Structures are given as structure tokens and as C-alpha cells.
Amino acid sequence: MVVATGDAVRCEQAWAVLDGVLDPEVPALSVCDLGIVREVRPDGNGLEVVLTPTYSGCPATEVIEQNVLAAINAAGLGPAHVTLQRAPAWTTDWISEAGRRKLAEYGIAPPGPAARADGAVPVRFFGRSPHLRLACPRCGSDNTERLSAFGSTACKALYRCLSCQEPFEHFKPI
């Protein structure tokens, strides 16, 4: 598809606007940092924003969709609509480097890679291994322990730093 110059500028402006739409569950990240905005493209006289939810049962999906449309319309870039694209499935590898930095600054340990360098996604089982040590996002120590497999949301686990005694969440790699 050939995109007209005006459409290309409008799409670029939409990306800039969406970079300011925060994730309702992790408000340190924008929907772009999180990697759930897959595409912005012209659609007739409007815009189509393609989103991939972090998982199919994510309770924040509807709120994100509403916030995305509100931001696009507030910027005068509408009309717009959202298309949910569930394949390929979202992975934490889609979180941007800026997003990973923002997670750590917010006090959440960012996830490690979910896929191997060759693109294969291994099946992993995460038990209560005393050998899995995460760096504390507050003091940097790797003297940490997992307290719970689930934190404030299903995508995070709860840890504690044994050096500074501060609890923190870890965004699980998926």
C-alpha cells in the first residue's frame, strides 16, 4: 500500500501521541514502551491503531483501547479505531529498551529475554529456585528472594531484597 504524504505525517504524529498514553497497570510505561502498539495506518479518512494485548485475558485491554482513542481524538488526528491483533502473541521481548529502563526506575525489575537469539521461544518452568537472583531495582544487590509467584498483577512476581530489605516486583518474561 502506498501511503500519501499527509497520511504518513498523520501516522507519525499518532505514534508521538501514543507514546504519551500510559499503561493503566504499570503507569511508568507508555503503550509504545510496552510494545503493544503494533501499527498505526491510514484507514479511509481515519486511522487504524493495531494493538496486541499482553495476554488475551488482560483486564486492562478495554481501558487501553479507550485511552488510545481518546488521545488520538484529543490531538485532532481522528477519527480512529482500534483493531486487536492477538497473533503473533505479545512477548516481553517487545518492551523497548527505554521501557526496561523506566521499569527499573519505577522499582520493578525488568524481564530478561523470552526468546533465544535464533528467535525460538523455549518453554520454561519457573519454580522456587534459590538460584534465580534478580538485581534489586533500588540498591542493585542480587541478594534477593522471591516471596510470591504473583504480584499486583499476574504478569509480575513479588521479590524482596535481602540487602536493603525493600520489596519489589519483577515483570515476568513471557
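Colleague: Which residue's side chain is joined to that of serine 30 by a polar contact of 3.1 Å?

Modeller: This is a predicted model in which local features need pLDDT of at least 70 and side-chain atom pairs count only at pLDDT 80 or more, whereas totals for chains, interfaces and linings use all residues. Residues are numbered from 1 along each chain as its sequence is written, and side-chain values use heavy atoms, with hydrogens and water left out. A polar contact is a pair of N or O atoms within 3.5 Å, where within protein one must be able to donate a hydrogen and the other to accept it, and residues adjacent in sequence count only if both atoms are side-chain atoms. By that rule, the side chain of serine 30 is joined at 3.1 Å to that of aspartate 19.

Colleague: Is serine 30 buried or exposed?

Modeller: Serine 30 lies in the loop between helix H1 (5-18) and helix H2 (31-34), helices (H or I, at least four residues) and strands (E, at least two) being DSSP runs numbered from the N terminus. Leaving aside residues up to four places away in sequence, serine 30 touches Leu18, Asp19, Val21, Leu22 and Asp23, contact meaning heavy atoms within 4.5 Å. Buried means under 20% relative accessible area, exposed over 50% and partly exposed in between, with a 1.4 Å probe and protein chains only. Because its relative accessibility is 1%, serine 30 counts as buried.

Colleague: Which strands stand at the edges of the open sheet of three strands?

Modeller: Two strands pair if DSSP finds at least two bridges between them, and the order in this sheet is S1-S2-S3, with mixed pairing. Each edge strand has a single partner, so one side of each is left without a neighbour in the sheet, and these strands are S1 (37-43) and S3 (80-84).

Colleague: At about what angle to S3 does helix H3 run?

Modeller: Axes are lines fitted to C-alpha atoms, for helices over the stretch in contact, and angles run from 0 to 180 degrees between N-to-C directions. Helix H3 (residues 61-74) lies across S2 and S3, and its angle to S3 is about 150 degrees.

Colleague: In S7, which residue is the bridge partner of leucine 158?

Modeller: Strand S6 (residues 156-161) runs antiparallel to strand S5 (residues 144-148), with four bridges between them. Five bridges also join S6 to strand S7 (residues 167-171), again in an antiparallel arrangement. In S7, the bridge partner of leucine 158 is glutamate 169.
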